[in-house]
Amino acid sequence: MNKRMLIGLLLSVGCMYIATTDYVYANESDSPQPLEEFLPAIGYKTVEAALKEFEQNNKTELKLPLRVPPISFTHRFGRYNQMDGHTNLEIVMMNDQLPQNHFKIDIRPVQDKMPFEEYVRDVFLLKNGRAAAYIENPRIGFHLLVFERDHWQYVFSIDSDVADQVPVDVLLDLANSINDPKSN
């Protein structure tokens, strides 16, 4: 008799669980929000508009690379951030069909620079004689090239999944293309 009561109790609890559980059904039309809707909702705008805002607020002209990585991008956005007296400009390039095609440029004043010293894998010299630190850290999912120029810290980040297509020498070419008319 105890066995029957136990089985009955388990069946009752199971039926109550099924009856009170909410189910969520996915529609075939459910899809991720397009980047052109999602990114502006979190403050991104055209690269040109973000650059103009950055330059106006910092009262200076900022130099950007003339080159981009040799992988395909469907979207380019920028965002000027100002928080607690610190500013930075983010430029992101992405491909909505190939999410690994993700490149980011982060630029901030040298006095607010991000410390990367403990992660540096190698150091290279740019054409202007300045050092550029190369960072490969699997925990962050990106390979970085970090350098300073004209009182700004530049951080180029390429997704680790495409780092074989955009190796360090390509990142160095991008860095060297800043204000170099021969790098069109």
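A salt bridge here is a side-chain nitrogen of Lys or Arg within 4 Å of a carboxyl oxygen of Asp or Glu. By that rule, the whole of this predicted model holds nine salt bridges.

**Stop 1: Glu90.** Select Arg79 and Glu90 to see a salt bridge with an N to O distance of 3.0 Å. Arg79 belongs to strand β1 (residues 75–83) and Glu90 to strand β2 (residues 86–94), 11 residues apart. Glu90 is buried, at 7% relative accessible area, and Arg79 also counts as buried, at 18%. Lys104 is partly exposed, with 26% relative accessible area.

**Stop 2: strand β6.** Next, select residues 142–149. Six of these eight residues are buried, so β6 is largely enclosed by the rest of the structure. On one side, show strand β5 (residues 131–137), which runs antiparallel to β6 and is joined to it by six bridges; look for Ile135 with its bridge partner Leu144. Then show strand β7 (residues 152–159), antiparallel to β6 over eight bridges, where Phe156 stands opposite Leu145.

**Stop 3: the turn and its surroundings.** Two residues separate β6 from β7 in a hairpin, and Asp150 in the turn has a positive phi of about 50°. Select Lys63 and Arg149 too: with Asp150, they are linked in a network of salt bridges.

**Last stop: Arg130 and Glu148.** The closest N and O atoms of this salt bridge are 3.6 Å apart. Arg130 sits in the loop between β4 (120–125) and β5, while Glu148 is in strand β6.

Note on methods: Residues are numbered from 1 along each chain as its sequence is written. This is a predicted model: local features need pLDDT of at least 70, side-chain atom pairs count only at pLDDT 80 or more; totals for chains, interfaces and linings use all residues. Side-chain values use heavy atoms; hydrogens and water are left out. Buried means under 20% relative accessible area, exposed over 50%, partly exposed in between (1.4 Å probe, protein chains only). Helices (H or I, at least four residues) and strands (E, at least two) are DSSP runs, numbered from the N terminus. Two strands pair if DSSP finds at least two bridges between them.
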